[in-house]
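This briefing goes through the ligand site, the aromatic pairs and the backbone geometry in turn. Please read it alongside the sequence and the coordinates.

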Amino acid sequence: MLIRTHDDGFSHSMTSEITSAGVYQRRRELMQLMASGVAGTALASWASRDALAQAARPGKLAALPATKATISGGATMEKVTDYKDASTYNNFYEFGTDKDDPARTAHTLRTKPWSVEIEGMVKKPARYQLEDLIKLSTQEERIYRMRCVEGWSMVIPWVGYSMSKLIEKVEPLGSAKYVEFVSLADPKTMPYVGSAVLAWPYVEGLRMDEAMNPLTLLSFGMYGEVLPNQNGAPVRLVVPWKYGFKNGKSIVKIRFTDREPKTAWNKAAANEYGFYSNVNPNVDHPRWSQATERRIGEDGLFAKKRKTLMFNGYEAQVGQLYAGMDLKKNY
Ligand code: MTE
């Protein structure tokens with residue numbers, strides 16, 4: 001996403017988006033390899049990722065038991081990404097713009113007490129304490145393919161329940177057409193809130209029928225444990241057929257509305273990040289192709305890229321939501 005400067009000395013202007021994280025990562029790997037010799041660098045980089053993942057997890061995060069997925073598309077059989085990668089290669093701009101920033105800095109996030117406000121066009125507006133929200137429906141494990149707009153992907157076992165369960169509980173009015181998700185924006189605990197990199201709070205949105213699709217997950221955990229802070233604790237959204245930035249983290253407000261929400265990335269660069277942001281190999285980002293992706297964990301300089309699938313492989317489940325729409329216009 002938008003990045004200005006990097007510790008490798010490359011600088012990018014405000015609107016020169018991540019050259020694509022893949023390209024950037026390779027360039028960075030190349031620089032490192034040239035600078036210090038292959039083996040040493042590779043070991044050092046693994047060691048520090050390991051240390052970060054350890055510090056963020058074991059023994060510290062509570063188990064979050066879940067039943068198996070009950071819906072079609074809810075458990076891809078592809079190899080699950082290592083926890084270490086999923087918890088140390090993150091986008092969470094409230095905590096910094098480099099991929100390893102959130103794992104290093106998100107420990108300042110306070111997730112207790114936590115509540116989520118439900119407001120706008122609903123019959124039953126409410127403020128749910130996290131403990132009550134977690135108990136609202138049965139937790140399921142959903143193993144989803146995730147595709148970031150920057151050209152990389154992962155397979156993550158999330159724990160949560162379909163967003164539709166909560167929506168049914170609060171009874172939206174007939175006039176509600178969209179759902180807006182607002183993340184916490186606390187400058188005291190989130191070092192980048194207040195920086196010019198995005199307009200805060202981070203806001204995302206879905207059309208009502210997208211939010212009601214059973215694949216759309218309100219998630220409280222991953223890999224059988226509660227979410228680590230860097231992955232959006234204590235509650236986040238997971239919408240597997242859309243680019244990763246549609247998945248708002250650390251959500252504090254869910255608002256029902258009749259207007260298309262103004263989302264953080266759309267505000268930052270409307271020509272690059274549309275409201276829909278469905279994964280689509282046929283519609284390029286203005287500055288790079290979306291036809292292929294790099295699976296995190298299969299990296300290395302010469303790793304073969306994978307073909308990106310329409311709707312990230314979830315076309316059978318969600319394709320009909322967009323019947324008749326021009327997906328080049330509604331990107
Ligand atoms: N939510 C908030 N609040 N802030 C962010 O910067 N980044 C988004 C999304 N949700 C982001 C966010 C982007 S760009 C991606 S790719 C995913 O979170 C990354 O989620 P992950 O770190 O769990 O893989």
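A residue is taken to be near a molecule if one of its heavy atoms lies within 4 Å of it. The model is predicted, so local features need pLDDT of at least 70 and side-chain atom pairs count only at pLDDT 80 or more, whereas totals for chains, interfaces and linings use all residues. Residues are numbered from 1 along each chain as its sequence is written, and side-chain values use heavy atoms, with hydrogens and water left out.

**Ligand site**

- Around the ligand there are 17 residues, of which Tyr-93, Glu-94, Arg-236, Asn-247 and Lys-249 come nearest.
- Sorted by class, this shell holds seven nonpolar, seven polar and three charged residues, where Ala, Val, Leu, Ile, Met, Phe, Trp, Tyr, Cys and Pro count as nonpolar, Asp, Glu, Lys and Arg as charged, and the others, Gly among them, as polar.
- Oxygen atoms of the ligand lie 2.6 Å from a polar side-chain atom of Arg-236 and 3.0 Å from a polar side-chain atom of Asn-231, while a ligand nitrogen atom is 3.3 Å from a polar backbone atom of Asn-91.
- Of the 530 Å² of accessible area that the ligand has on its own, the protein covers 97%, with areas taken from the Shrake-Rupley method and a 1.4 Å probe.

**Aromatic pairs**

- Rings of Phe, Tyr and Trp (its six-membered ring) pair if their centres lie within 6.5 Å, and planes under 30 degrees apart count as stacked, over 60 as edge-to-face and the rest as tilted; by this rule there are 12 aromatic pairs.
- One of them joins Tyr-161 and Phe-220, whose ring centres are 5.5 Å apart with planes at 45°, so the pair is tilted.
- This pair links distant parts of the chain, as Tyr-161 belongs to strand E5 (residues 152-162) and Phe-220, 59 residues apart from it, to strand E8 (residues 217-222); strands are DSSP runs of at least two residues and helices (H or I) of at least four, numbered from the N terminus.

**Backbone geometry**

- The peptide bond from Trp-200 to Pro-201 is cis, with omega near 0°, and Pro-201 is placed in the loop between strand E6 (178-183) and strand E7 (203-207).
- Ala-233 and Pro-234 are also joined by a cis peptide bond, with omega about -5°, and Pro-234 is found in the loop between strand E9 (225-226) and strand E10 (236-238).

Key:
Polar contact = N/O pair within 3.5 Å; in protein donor to acceptor, adjacent residues only side chain to side chain.
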